[in-house]
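Hello,

Here is the structure I promised to pass on to you. Please have a look at it first, and then read my notes below.

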Amino acid sequence: VQWDEYHARTRLTARVLSSLLTSGPQAPLHAAVIDARLAPDFSPGTGYDEAGLDCVFGVGVQGVPASEAMGRVSSVVSETLDRVAREGFPPARVEA
């Protein structure tokens, strides 16, 4: 596999993973943060971003004090990512 092909596959995988984690009410991070009413919405820029030199995945929230976002919301995001890493996504979520 050539570098360009590997890089393209990696970027596509990251975009799909970002969508699975954050997009829609069945997404684990949406359920854990928005549906649980820890924050009313994600902030713009949440998810995978490949615009700069380094690609990043970030989760931000709006409508809550920064101290709360750094406390409880940050913990819930970490716990949710750990759980998804252990358990994976439901097949129906991936197939959609």
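**Charges and overall layout**

The protein chain carries 8 positive and 12 negative side chains, with the centres of the two sets 4 Å apart. In that count Lys and Arg are positive and Asp and Glu negative, while His and the chain ends are left out; each charge is placed at NZ of Lys, CZ of Arg, CG of Asp or CD of Glu.

Before you go further, please keep in mind that this is a predicted model, in which local features need pLDDT of at least 70 and side-chain atom pairs count only at pLDDT 80 or more, whereas totals for chains, interfaces and linings use all residues. Residues are numbered from 1 along each chain as its sequence is written, and side-chain values use heavy atoms, without hydrogens and water.

The protein chain has four helices and four strands, in the order α-α-β-β-β-β-α-α from the N terminus. Both kinds of element are DSSP runs numbered from the N terminus: helices are H or I with at least four residues, strands are E with at least two. The C-alpha trace spans about 45 × 35 × 20 Å along its principal axes.

Of the 96 residues, 28% count as buried. Here buried means under 20% relative accessible area, exposed means over 50%, and partly exposed lies in between (1.4 Å probe, protein chains only). Among contacts (heavy atoms within 4.5 Å) with a separation of 6 or more, 46% are between residues 24 or more positions apart.

**The core and Val73**

Which residues have the most contacts inside the largest nonpolar core? They are Val33, Phe42, Val61 and Val73, in a core of 16 residues. Helix H1 (3-22), H2 and H3 each give two or more residues to this core. A nonpolar core here is a set of buried Ala, Val, Leu, Ile, Met, Phe, Trp, Tyr and Cys residues joined through side-chain atoms within 4.5 Å.

Val73 sits in helix H3 (residues 66-87) and counts as buried because its relative accessibility is 5%. Apart from neighbours within four places in sequence, Val73 contacts Val33, Leu38, Val61 and Glu68. Ser23 is 50 residues from Val73 in sequence, and the two are 17 Å apart in space, C-alpha to C-alpha.

The six are Pro28, Leu29, His30, Ala32, Val33 and Ile34.

His30, in helix H2 (residues 28-35), has 17% relative accessibility and therefore counts as buried. Beyond four places in sequence, His30 is in contact with Leu21, Thr22, Gly24, Pro25, Asp35 and Phe42.

Thr22 belongs to helix H1 and is buried, at 11% relative accessibility. Leaving out residues up to four places away, Thr22 touches Ala27, Leu29, His30, Phe42, Thr46 and Phe57.

Arg37 is in the loop between H2 and strand E1 (41-42). With a relative accessible area of 76%, Arg37 is exposed. Its phi is near 65°, a positive value in a residue other than glycine.

Best wishes
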